[in-house]
Amino acid sequence: MSQRFLVTPAAGDAGPRAEEGGSQRPIPSARWAPDPGLDPAAAPEPPSEDPLPILRYCREPGRYGDGNPRENSPFLNNVEAEQESFFEGKNMALFEEEMDSNPMVSSLLNKLANYTNLSQGVVEHEEDEESRRREAKAPRMGTFIGVYLPCLQNILGVILFLRLTWIVGVAGVLESFLIVAMCCTCTMLTAISMSAIATNGVVPAGGSYYMISRSLGPEFGGAVGLCFYLGTTFAGAMYILGTIEIFLTYISPGAAIFQAEAAGGEAAAMLHNMRVYGTCTLVLMALVVFVGVKYVNKLALVFLACVVLSILAIYAGVIKSAFDPPDIPVCLLGNRTLSRRSFDACVKAYVTHNNSAASALWGLFCNGSQPSATCDEYFIQNNVTEIQGIPGAASGVFLENLWSTYAHAGAFVEKKGVPSVPVAEESRASTLPYVLTDIAASFTLLVGIYFPSVTGIMAGSNRSGDLKDAQKSIPTGTILAIVTTSFIYLSCIVLFGACIEGVVLRDKFGEALQGNLVIGMLAWPSPWVIVIGSFFSTCGAGLQSLTGAPRLLQAIARDGIIPFLQVFGHGKANGEPTWALLLTVLICETGILIASLDSVAPILSMFFLMCYLFVNLACAVQTLLRTPNWRPRFKFYHWTLSFLGMSLCLALMFICSWYYALSAMLIASCIYKYIEYRGAEKEWGDGIRGLSLNAARYALLRVEHGPPHTKNWRPQVLVMLNLDAEQAVKHPRLLSFTSQLKAGKGLTIVGSVLEGTYLDKHMEAQRAEEVGRAGSGGRAPFPPGLHRKRALNIRALMSAEKAKGFCQLVVSSSLRDGMSHLIQSAGLGGLKHNTVLMAWPASWKQEDNPFSWKNFVGDLQTAASLTDTVRDTTTAHQALLVAKNVDSFPQNQERFSGGCIDVWWIVHDGGMLMLLPFLLRQHKVWRKCRMRIFTVAQVDDNSIQMKKDLQMFLYHLRISAEVEVVEMDIAESTEPVCPC
C-alpha cells in the first residue's frame, strides 16, 4: 500500500509566538495525506504521532534533548533574546525556494549599506528589541562584503601611507621586498591554519581568542587572548599617533602647541604635541565608543572608501609619472639633501643686472646677507643643485634604489654619485636646514615597524556569526585579502623604487618636499587625496580598535578563566563593556605617551606574532593528534605548513626585538601559570588535553615493561577513605598525612566503597568518579543529586589538603569485597599503587559480633571471596600503612619546632620504615623533627654490635638518624626508654 507525506504548515504550537512588531511565519510540520488512487474507505487512519519530530527538536531542543543550551557567544549579553531571535522567521521545511526580486545593482547597494567592520555582537549592544529583530531577519553577508573588505580595510593602513616609502629608501628595494615577503608569508601560513580551525565546526564571535582557547585550552587561550587584547589596544594607540602625525605634519603644522625653543629641539616639541593631541583624541574616541558604536558603524563605509580611493590614487600617479612626471624639485648642497621648509629658491644668490643679492638659503648658512659674511665651510666648498624628487617610472632610478642605505641617528640624507667636498667636523649641522635621520635604522627595526601593516587577517573570523556561510567565506575571503594586499605592498615597493628619488624616499617627513607627504606627491590627481584619505582611514582604524579591544577583554572575563578580570565582564544595561573600555583607554594612553609611531609598532608586533604563533600551533597539534572531531572543510592545510608558520612567527619575534620577544613570552607564561593555578576549570575539548592523553599513553607503555628499579621506588599510595551516614569523610587527616608523605610526587589514588548493587548505584558511582577526577585536576562539573554532597566532600578535601591524585569509587555488595576489588584493580598498567594507607579501625572489635575482627585481621577459615585487607595487600605484594589515632595527626598548616619521629625497627623490611620518616621530613610540617631508630635486642644478642650494624645500614641508605638499641629487660619495664 503506497502512502505519501506532504510538508505543509501546521497550526497550533508549531508556529512561533506572535511578538510585537514582528511578522509571524509558521513552522512547517508534516501532515499525512492518503494516496488519491486509493479507496477512501480503505485508507488507513492518519498517524497520531508527529511524523517529523526532528523539526520540533530543532525548534525547541530543550524539550526533547538534555536541555543544555549551546555555548553562547561571549559578545552577547542577553542570552534569552539571542535564543528567541535565533529561530524567529526561520522556515524549517526540508525544501525552500527563495527568489530575489531586486536587481543586481540594488542588491549590491543594499549589502554595502549594511557593511560594517566591527566585530560580531557590537551592533547588537546598541540596538533595541525592534532593531535587533529587524537585523536578525536581514540577509547575512557573503564573502566579499563580510570577509574580504573588512580584512582589506584592516590590513591596509597607517604604515602604508606614512612609513612604506621610508622603509624602501632605507632598506632598498631588495631588502624591503624580503621584509614584506616574510611578513606576508607569515600571515598567509597563519590564515591557512586559521581557515582549518574556523571550518572545523561553528566559530562564534571571538576571533582568534575563541579559536585558540577552544583548540589549546583555557590556559593558552587566556594567555594568548590577553596578548591579542594588548596588541589590539596598542594598535589603537598606533593608529591615533598616525592620525595626529598626519594632522600636525601634513594638514595643519601651525596647530602645534609646543614650539622648539632652540635649534634642534623640533623632535622633542613634536613628541609633546603628539602626547597632548593624542590624549585629547583618545578621550574623544572613547566618548564616541561609550555613547554608541552605531555611529562608528555608520562611518565604516566611509573609512573603507578612503582606503580604496587612496590605493587607486597611488596607482594612477605611478602610471601618470611614466608619461608625464610631476615637477617636484629637491635641493641638494653637495650631496646633502636640504629641507625646504624655510626657503623657496634653491640658489645661493640672485644675479640681476650684474648685481648679486643674497638668497634666503644664504641667510641660513651665513651670519649675514653680505658677500663678506662668514658662512658655513661646507656651504662655501660645495655647489647647490636641484634634482627631480619623482623622476618617474622610466627614469632608471630603480637601479639606484636597489640596495640598502642604513645610517645612524642624526646622519645626513645624501645622494650617491653626486660630487661633494668633505670638510672638517661640523658642530652646527643640527641647526642648519639639512634633512637628517631621526633614528638609527636597521633591518630588524624595519621588520618590527612594518609587521603591523599585515595584521588584520582576523577581521573575517571575528564576525563569523554575521556570515551567510562562514565555513566557506572565512578561508576564501581571508586568503584573497592577503593575496590582494601582498600584491599591493610588493608592487608598491617596486613602484616606489622605480619612481621616487632615493633621498626623497629616505626623507621620512617630506622636509625636502616643503613638508608634504611623499606618497601623496606621487598620487594623482592631488596629494590631498592621500592626506585626507589616510587621515580618515587611520582615524577609523583607531575607533575600531577601541571598539573591538574592550569586547575581547569582556569575552575573556565572561569566560571566567581569569578570576581578577571578572569585573571587566560587566558593563551598561545593554551590555556595553564600560569597565573594559576604561582599562583599554588607560593602556592605550601608555602607548600614546611613548609618542613615537616607530617605537609603538614593534610592541604590538610582538603581541600579534604571539597570537599568530599559537594559531599555527593549534592547527599543528590538532592535525598531528588526528582526533576524530578534527574534520575541517578547508582541506588545503598540512601540519608542516602550520609548523613553518609557527617557526616563522617565532623567528620574526626575535628579529624585531629579542628583548620585546622575551618580555611578551614572559607575560604570556605568567598569565598561563596564573590561569593554571587559580583560574576556573573549563572543559572545551581542547587539543592540549588530547596531547596529554597521548603523552600519558606513551609513558604508560614505557613503564609497563617491568617493576621499577630500587632507585626509582617510592610509595605509590592507595588511600582508603570511609564515609559516615551523612556522606562525610570520617578521617580527613588521612589525606593530610598523605599530602605530607607524598608532597605532590608519585601516584595517589583515593578510594572509597559504596555498599549496594551496581545496577542500583551505577549512576551514583559514575558521577562520584567524575567529580573525584575534577578534584584531582580534571574539569568535570558538579553532578546533581544526593551523591553531590559525597563527591563534593572528597573533592573539597583533596583540594584543601593539596592531595594531587585520582579518585576511584567501587560499588560492592559488602565493604570487604569492595576494598579487595580496589586493592586488585586500582591504577592502570605500570601506574599502580604499591602501598595501601588506611585508618586504624576504631570499632573493629564489637562485643555483639564475635566475627567483627575478621574485617581487619582476617581468617583463613572464611570463604575465599571474603578476603580481608591485610591478607589482600600481602598477597598483592604491597605495603600496608595503618595510621592509628590519625585524627590527632598534624594538618598541613601546622609546623613542629622540634620533636622526634620514632621508628621501631623490629622486622627487616628492605628499608621501608627508614624511608617513610625521611619522606615526612621533606615536608614543612616535619622538617625540624629528629629521626630516631629503635631496635629490640634479645638477651643473647650483642647490643653494641647491633647498634654498629644498624648505623652502617643507615649510612648506606644515606639517612641521618639516631640509633637506640633497647634490650628486652628494659623494654619490659614500665619506664620510658628515653625522652626526645
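Trainee: How many bridges join S3 to S4?

Mentor: The model is predicted: local features need pLDDT of at least 70, side-chain atom pairs count only at pLDDT 80 or more, and totals for chains, interfaces and linings use all residues. Residues are numbered from 1 along each chain as its sequence is written, and side-chain values use heavy atoms, with hydrogens and water left out. Strands are DSSP runs of E with at least two residues, helices are runs of H or I with at least four, and both are numbered from the N terminus; two strands pair if DSSP finds at least two bridges between them. S3 and S4 run antiparallel, and the number of bridges joining them is 2.

Trainee: Which residue in the hairpin of S3 and S4 takes a positive phi?

Mentor: Leucine 333 stands opposite arginine 336 in S4. The hairpin has 2 residues between the strands, and the one with a positive phi, near 70 degrees, is glycine 334.

Trainee: What is the strand order of the open sheet that holds S4, S3 and S7?

Mentor: S3 (residues 329-333) pairs with S7 in the antiparallel sense over 5 bridges. Within that pairing, proline 329 stands opposite glutamine 388 and valine 330 stands opposite isoleucine 387. The sheet has 3 strands with antiparallel pairing, in the order S4-S3-S7. Each of the edge strands pairs on one side only, and these are S4 (336-337) and S7 (384-388).

Trainee: Why is S3 largely enclosed by the rest of the structure?

Mentor: Burial is judged by relative accessible area with a 1.4 Å probe and protein chains only: under 20% is buried, over 50% exposed, and in between partly exposed. S3 is largely enclosed because, of its 5 residues, the number buried is 4.

Trainee: By how much does the twist average from one strand to the next in the sheet of S13, S14 and S15?

Mentor: This open sheet has 3 strands with parallel pairing, in the order S13-S14-S15. S13 (900-904) and S15 (962-967) each have a single partner strand, so one side of each is left without a neighbour in the sheet. From one strand to the next, the twist averages 25 degrees.

Trainee: Which helix lies across S14 and S15?

Mentor: S14 and S15 pair in the parallel sense over 6 bridges, and arginine 932 stands opposite glutamate 962 in S15. For the angle, axes are lines fitted to C-alpha atoms, for helices over the stretch in contact, and angles run from 0 to 180 degrees between N-to-C directions. Running at about 150 degrees to S15, the helix across S14 and S15 is H33 (residues 943-957).

Trainee: Is methionine 931 buried or exposed?

Mentor: Methionine 931 is in strand S14 (residues 930-937). Leaving aside neighbours within four places in sequence, its contacts (heavy atoms within 4.5 Å) include Ile901, Phe918, Ile959 and Glu962. Because its relative accessibility is 2%, methionine 931 counts as buried.

Trainee: What is the relative accessibility of threonine 748?

Mentor: Threonine 748 is in strand S9 (residues 748-755). Beyond its neighbours within four places in sequence, threonine 748 is in contact with residues including Val717, Val719, Lys804 and Phe806. Threonine 748 counts as buried because its relative accessibility is 5%.

Trainee: Which helix gives the most to the nonpolar patch?

Mentor: Patches are made of residues with over 30% relative accessible area and no salt bridge, with like charges joined within 9 Å and nonpolar side chains (Val, Leu, Ile, Met, Phe, Trp, Tyr) within 5 Å; a salt bridge is a side-chain nitrogen of Lys or Arg within 4 Å of a carboxyl oxygen of Asp or Glu. Leu650, Phe654, Trp658, Tyr659, Leu662 and Met665 make this patch of about 590 Å². H24 (639-656) and H25 (658-678) each supply at least two residues. With 4 residues, the helix that gives the most is H25.

Trainee: Is tryptophan 658 buried or exposed?

Mentor: Tryptophan 658 is found in helix H25. Because its relative accessible area is 55%, tryptophan 658 is exposed.

Trainee: What is the accessible surface of the chain?

Mentor: Buried residues make up 47% of the 980 residues in the chain. Areas come from the Shrake-Rupley method with a 1.4 Å probe, and for residues only the protein chains shown count as cover. Carbon and sulfur atoms hold 59% of the accessible surface, which comes to about 48300 Å².
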